[in-house]
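Here are a few friendly notes to read alongside the model.

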Amino acid sequence: MPKNEAAQTLDGWYSLHDFRTLDWAAWKMLTGDERERIVREFTGLLEKWGAVEKAGKGSHALYSIVGQKADFMMMILRPTMEELNEIEMEFNKSRLAEFTLPAFSYVSVVELSNYLAGEGDPYENPQVRARLYPELPKANHVCFYPMDKRRQGNDNWYMLPMDERKSLMRSHGMIGRQYAGKVKQIISGSVGFDDYEWGVTLFADDVLQFKKLVYEMRFDEVSARYGEFGSFYVGNILSAEKVPSFFHI
């Protein structure tokens with residue numbers, strides 16, 4: 001067995017995190033009727049995505065983002081990269097997009113690694129399928145961040161033997177299990193798709209659980225020694241009922 005054997009992954013739906021900033025000054029220049037028509041067009045898009053979700057052919061989430069990094073985030077899951085692109089272009093051609101500026105985006109695919117794989121065909125396992133093709137929870141809060149595994153000097157994750165990586169990941173995973181029922185975690189792989197290697201999306205009804213989980217994981221060797229993190233984005237759910245008030249002036 002080669003020392004740096006690659007972990008195999010189970011891959012599910014493709015994922016797009018699309019963060020936007022609203023040009024509030026330009027938005028305020030519109031009449032109330034114009035703003036109402038634009039919001040109605042956007043809610044039509046949300047209804048269309050909702051129908052896809054009900055059919056089990058994808059999922060989506062909409063959150064307002066706290067802080068100056070963005071105003072809102074659209075997270076889209078679909079079976080193909082082409083569908084993600086079509087949705088992105090459909091939004092870009094909408095009237096609302098004329099009043100937004102791209103703040104950040106992330107392209108990835110929902111994945112599970114073979115570090116924790118079980119027996120048999122994993123794609124036939126209902127629990128595995130639920131993780132690869134998830135319906136995004138309508139939790140009160142979201143936290144997203146990209147991350148890498150360090151590959152510098154003696155702290156090179158990719159030069160560790162497979163058995164050692166498996167052992168470290170099992171220990172790492174035990175921390176996450178302590179937050180079952182409090183935090184829903186979706187890991188998506190982005191090697192070859194985006195600037196980091198993974199995207200981590202956390203959902204919780206209690207926003208403080210994000211801080212507790214990420215802080216506790218920092219003391220685990222996988223994060224403390226091998227983790228590199230990008231920017232964190234945190235937000236509040238923007239349900240269909242709240243969309244008109246979010247855009248109301």
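1. Leaving aside neighbours within four places in sequence, Phe91 is in contact with Arg20, Phe42, Leu45, Phe72, Met74, Leu96, Ala97 and Thr100, contact being heavy atoms within 4.5 Å. Please keep in mind that this is a predicted model, in which local features need pLDDT of at least 70 and side-chain atom pairs count only at pLDDT 80 or more, while totals for chains, interfaces and linings use all residues. Residues are numbered from 1 along each chain as its sequence is written, and side-chain values use heavy atoms, with hydrogens and water left out.

2. A nonpolar core here is a set of buried Ala, Val, Leu, Ile, Met, Phe, Trp, Tyr and Cys residues joined through side-chain atoms within 4.5 Å; buried means under 20% relative accessible area, exposed over 50%, and partly exposed in between (1.4 Å probe, protein chains only).

3. The largest core has 24 residues, and Trp27, Phe42, Leu62, Phe91, Leu96, Val243 and Phe247 touch the most other members. At least two core residues come from each of strand 1 (9-22), helix 2 (32-54), strand 3 (72-78), helix 3 (81-92) and helix 8 (243-247). Helix 2 gives the largest share, six residues. Helices (H or I, at least four residues) and strands (E, at least two) are DSSP runs, numbered from the N terminus.

4. On to the rings: the whole structure holds 23 aromatic pairs. Rings of Phe, Tyr and Trp (its six-membered ring) pair if their centres lie within 6.5 Å; planes under 30 degrees apart count as stacked, over 60 as edge-to-face and the rest as tilted. Tyr215 and Phe219 are edge-to-face, because their centres are 5.1 Å apart and their planes at 85°. Tyr215 is exposed at 54%, and Phe219 is exposed at 62%.

5. One aromatic cluster consists of Trp24, Trp27, Phe42, Phe72, Phe91, Phe99, Phe246 and Phe247.

6. Which residue lies over the face of Trp157? Lys149, of strand 5 (residues 141-149), sits 5.0 Å from that ring centre and also lies over the face of Trp198, at 4.5 Å. The criterion is NZ of Lys or CZ of Arg within 6 Å of the ring centre and within 35 degrees of the ring normal.

7. Lys149 is buried yet has no salt bridge, and Glu197, the nearest side chain of opposite charge, is 6.8 Å away. A salt bridge needs a side-chain nitrogen of Lys or Arg within 4 Å of a carboxyl oxygen of Asp or Glu; Lys and Arg count as positive, Asp and Glu as negative, with His and the chain ends not counted.
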